[in-house]
Amino acid sequence: MSDTRRRVKVYTLNEDRQWDDRGTGHVSSTFVERLKGISLLVRAESDGSLLLESKISPNTAYQKQQDTLIVWSEAENYDLALSFQEKAGCDEIWEKICQVQGKDPALEITQDPIDESEEERFEEMPETSHLVELPVCELTRLEEIADLVTSVLSSPIRREKLALALMSEGYIKKLLQLFQVCEDLDNREGLHHLYEIVRGVLFLNKAALFEVMFSDDCIMDVVGCLEYDPALVQPKRHREFLTKTAKFKEVIPITDSELRQKIHQTYRVQYIQDIILPTPSVFEENFLSTLTSFIFFNKVEIVSMLQEDEKFLTEVFAQLTDEATEDSKRRELVNFFKEFCAFSQTLQPQNRDVFFKTLANLGILPALEIVMGMDDLQVRAAATDIFSYLVEFSPSMVREFVMQEPQQTDDDVLLINVVIKQMICDSDPELGGAVQLMGLLRTLIDPENMLAPTNKTEKTEFLSFFYKYCMQVLTAPLLANTADEKNSKDLPEGSTKINPVCPDNFQTAQLLALILELLTFCVEHHTYHIKTYIMNKDLLRRVLVLMNSKHTFLALCALRFMRRIIGLKDEYYNRYIIKGNLFEPVINALLDNGTRYNLLNSAIIELFEFIKVEDIKSLIAHIVDNFYKTLETIEYVQTFKGLKGRYEQEKDRQTQRLNSRYRRDARSLDEDEEMWFNDDEDDEEGEAVEKSRPEEDFPESYGKYMEAKKGAANGTNGANGKPAATSPSSAATPNNGSSAKTAALPSPPVVKTGLVGLVDYPDDEDEEDEDEEQSPRKRPRLGS
């Protein structure tokens, strides 16, 4: 058998009953030794790799659809399709398949899967009964025809034979002529029978019948038949809707008649499937699978034809961005692009990539920048949908465009700032559009999709751009609604409340919650940039003002923001919180909540529990120092007692550390003196003794101390001969660099302000020498 190559696309049906494009190549039918039979081979036109190798099995049911499609199933849940570029190629491969199976190429399907009982009945049928015998197409026989069509639906073989009979005799058009007669005579009984007949023919699920029924001269009569459902008292008016209500709008005249016909047909068939036909039952789900495929391939063809017409798309973009274009015209242009992008979702990833790159090259993003800033709500909503398609397809493409925009003095003209302002100014009380835009912004600033190996600097460059030009726009409503009022006579010093100029209404609270959600995401995924911004703007203090909001969900958003910051266990953040005394609004909210056991109560308790479990020493010391007297009355959880316990443990550990470092046993000192002054050892032995002892066991004043002892050995010591024995602490105190450590010794009084210094910072030991030289205090007091 000679090889015949034809250009095809290979499709497989996925679990969602959608066709996945496996690639484009050339098909041939040839004998494959390994499979021991004639097989279909498709080799990719790009690199010659094998896209498909399928043996033509004698028992496989192959189906030919729409003149250029061959569909079959190779396994229980594995459907394949070949879409041919030319009808001649499809016909030739179809003949090869039929030749292998011994079938007539005139058939549209080689065979159907059947059960044993059906097969037995089929074998018992006489050979003469190749086709179902149809009654004469007359008004008086409509009931008989309806019964016949309904009866065959349960039998795959009889469905196939009925379909062949309907095609061979041109029966469909004769039935539709009877429909016109019945409607003229207002013959309701005949119209009800025609409804059953047409519905049954659709359930035959045959592409060849669809080609006839959905042709221009038949489809409106098919819709008319489906209006007369016997279950309805009055017929529906679907034709009136399709011809009068639904208007086909050409934003730019479409000169290709084939494209116009395909658009009309697809809309009407989709209407039949979605509106007219009832939702199929579990047993009828597969009856309309071919109808779904018919619509799918129509949409693919429409998108491809429009995409290839560059003059058409160029003209659409030109009018969309032209300031002279009327608002109504621009609205239609934007809605066209919205539908165009929606249709593109039927394309496979490879083709969708080409589609969006075509739009990008034509200037879709600059056009969106213009239309998203317009006052027309419908235009902005449609533009948002288009923007969402672009962001979901390629966030990097959008980011690249944004960073290439000219840096004008007015940052509001930047695309991302236009998106942020639209989110902030959403007039919907439920903020539906703002929620959608917030999700798109989060996708754009998510570092997880900035890791493309082709552009490793994308993350750094884009985040620097975003925090420089866009973050102040995003946080503007938050800062405006959280102004401090420290000068109010009715408020104690240091307390804050929401600015009464900006009412704490539900819509404002929802907007602030969205902004906080985005900022919380930044804290989790951005390190340097968000930290710098929070410190410079004192952002956490402003956010915690919202703990006073009457809307609990907003207070929880503010608390969640702080919880994410503390969850990082970053000492820079911890020092910032301590210095600003930022636990105060949280504890006030806990106290104001009273004995109510609600989500706010649990979330605040969890915050302190996390600090205790993770043993964040600086925060524990700050909380116990400043708030324990207030919190110790809360006994229904052991969190605060646990914090106090952690604090005491650390304090004891620091005391032991200080004592071991600075206080030495008197007997040890006497032994040292005796070794130093009484042993007749040479200098080298003396050096050996000195090296055998760690330097940290000796006070820095050891040299001065030994000079005093030498003077005492020469007879200049005082009354008791041990002037330095009582002064280890006094000798160490000026040099230890921390009043906190002084507080740990038993002799001087305890200094309360030094409790923060009890924290064992990881870098204490490394920087101890520097601290001792720079300041008499090891750490400044961070609490107020």
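Q: How do H23 and H26 pack?
A: Helix H23 (residues 528-537) packs with helix H26 (residues 571-580) at an angle of about 15°, and their axes are 11 Å apart. Axes are lines fitted to C-alpha atoms, for helices over the stretch in contact, and angles run from 0 to 180 degrees between N-to-C directions. Helices are DSSP runs (H or I, at least four residues), numbered from the N terminus.

Q: What kind of model is this?
A: This is a predicted model, in which local features need pLDDT of at least 70 and side-chain atom pairs count only at pLDDT 80 or more, while totals for chains, interfaces and linings use all residues. Residues are numbered from 1 along each chain as its sequence is written, and side-chain values use heavy atoms, with hydrogens and water left out.

Q: Which residues meet between H23 and H26?
A: Ile 530, Lys 531, Ile 534 and Met 535 of H23 meet Tyr 572, Tyr 573 and Tyr 576 of H26, where contact means heavy atoms within 4.5 Å.

Q: Turning to Thr 475, where is its place?
A: Thr 475 lies in helix H21 (residues 471-480).

Q: Is Thr 475 buried or exposed?
A: Thr 475 is buried, with a relative accessible area of 0%; buried means under 20% relative accessible area (1.4 Å probe, protein chains only).

Q: What is Thr 475 in contact with?
A: Neighbours within four places in sequence aside, Thr 475 is in contact with Leu 519 and Tyr 533.

Q: And the protein, how many helices and strands?
A: The secondary structure comes to 36 helices and 7 strands, a strand being a DSSP run of E with at least two residues.

Key. Buried means under 20% relative accessible area, exposed over 50%, partly exposed in between (1.4 Å probe, protein chains only).
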